[in-house]
Amino acid sequence: MSDFRSRSKPPRIGASRVGAPTAALEAALGGTSADPIRRAMWLDALDRRLVPLLPPTLAPHARLANVDGSRLVFLVDSPIWHARLRLSAGVLLDAARSIGLDVSDIVVRTSTRPLRPEVDAGRARTTPPSPVARAALKAALASLQSGEDGDERK
């Protein structure tokens with residue numbers, strides 16, 4: 001008869017076990033497929049350093065998209081922000097050079113989508129209530145008002 005228990009030695013401390021769960025980021029960053037992820041994380045960190053240097057009205061509408069050789073590529077969400085970002089090019093180039101990037105030009109592209117959905121979520125428009133919801137609200141208010149009148153009579 002065979003014994004169902006494994007007769008192998010217990011795993012060493014710190015040794016990798018097959019089937020043990022790994023953190024998603026660690027798994028994504030391990031191997032040859034990690035280069036695009038690392039680059040995206042680097043660009044995001046660079047974006048977080050450069051965009052706050054822009055004027056407060058422009059910053060929510062601009063995002064660093066790429067570093068292409070000696071050019072910083074920015075995305076904006078309308079043509080007016082395109083022009084304003086070009087006016088701030090000197091500040092961005094100086095800041096990029098101060099953190100070690102060898103850049104000499106800024107390219108600005110205009111997007112048709114919002115760049116930072118979390119900013120637009122704060123400005124979400126409310127929709128007016130439907131006629132059914134209005135009628136239910138009126139009925140609820142009327143029942144509250146009639147209940148108050150009944151308490152005063154006692």
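## Helix 2

The face of helix 2 turned away from its buried side carries Arg48 and Arg49, both exposed (over 50% relative accessible area; buried is under 20% and partly exposed lies in between, with a 1.4 Å probe and protein chains only). The model is a predicted one, in which local features need pLDDT of at least 70 and side-chain atom pairs count only at pLDDT 80 or more, while totals for chains, interfaces and linings use all residues. Residues are numbered from 1 along each chain as its sequence is written, and side-chain values use heavy atoms, with hydrogens and water left out.

The buried residues of helix 2 are Leu43, Leu46, Asp47 and Leu50. Seen down the helix axis, they fall within an arc of 105 degrees and so line one face of helix 2; the arc is that of the directions from the helix axis to the C-beta atoms. An α-helix has 3.6 residues a turn, so residues three or four places apart point the same way. Strand 1, strand 2 and helix 4 are among the elements that cover the buried residues of helix 2, where contact means heavy atoms within 4.5 Å.

## Chain overview

The protein chain has six helices and three strands, in the order α-α-β-β-α-α-β-α-α from the N terminus. Helices (H or I, at least four residues) and strands (E, at least two) are DSSP runs, numbered from the N terminus. Of its 154 residues, 22% count as buried. Among contacts between residues at least 6 apart in sequence, 53% join residues at least 24 apart.

The three strands form an open sheet with the order 1-2-3 and mixed pairing. Strand 1 and strand 3 stand at the edges with a single partner strand each, so one side of each has no neighbour in the sheet. From one strand to the next, the twist averages 25 degrees. Strands count as paired if DSSP finds at least two bridges between them. Strand 1 and strand 2 run antiparallel and are joined by six bridges, whereas strand 2 and strand 3 pair in the parallel sense, also over six bridges. In the second pairing, arginine 71 has aspartate 105 of strand 3 as its bridge partner.

Helix 2 touches strand 1 and strand 2, and its direction makes about 130 degrees with that of strand 1. Helix 3 touches strand 1, strand 2 and strand 3, and its direction makes about 170 degrees with that of strand 3. For these angles, axes are lines fitted to C-alpha atoms, for helices over the stretch in contact, and values run from 0 to 180 degrees between N-to-C directions.

Strand 1 and strand 2 form a hairpin with two residues between the strands, in which glycine 69 takes a positive phi near 65 degrees. Arginine 63 lies in strand 1 and stands opposite leucine 75 of strand 2. The two are 12 residues apart along the chain, and their C-alpha atoms are separated by 5.2 Å. Arginine 63 is partly exposed, with a relative accessible area of 27%.

Leaving aside neighbours within four places in sequence, leucine 85 is in contact with Leu54, Leu58, Ala62, Phe74, Val76, Leu92 and Val108.

In helix 4, the buried residues are Ala89, Leu92, Leu93, Ala95 and Ala96. Their arc around the axis is only 165 degrees, which puts them on the same side of helix 4. They pack against helix 2, strand 2, helix 3 and strand 3. Glycine 100, which follows helix 4, has a positive phi near 105 degrees.

## Serine 111

Serine 111 is in the loop between strand 3 and helix 5 (117-122). With a relative accessible area of 18%, serine 111 is buried. Not counting residues up to four places away in sequence, serine 111 touches Leu75, Val76 and Asp77.
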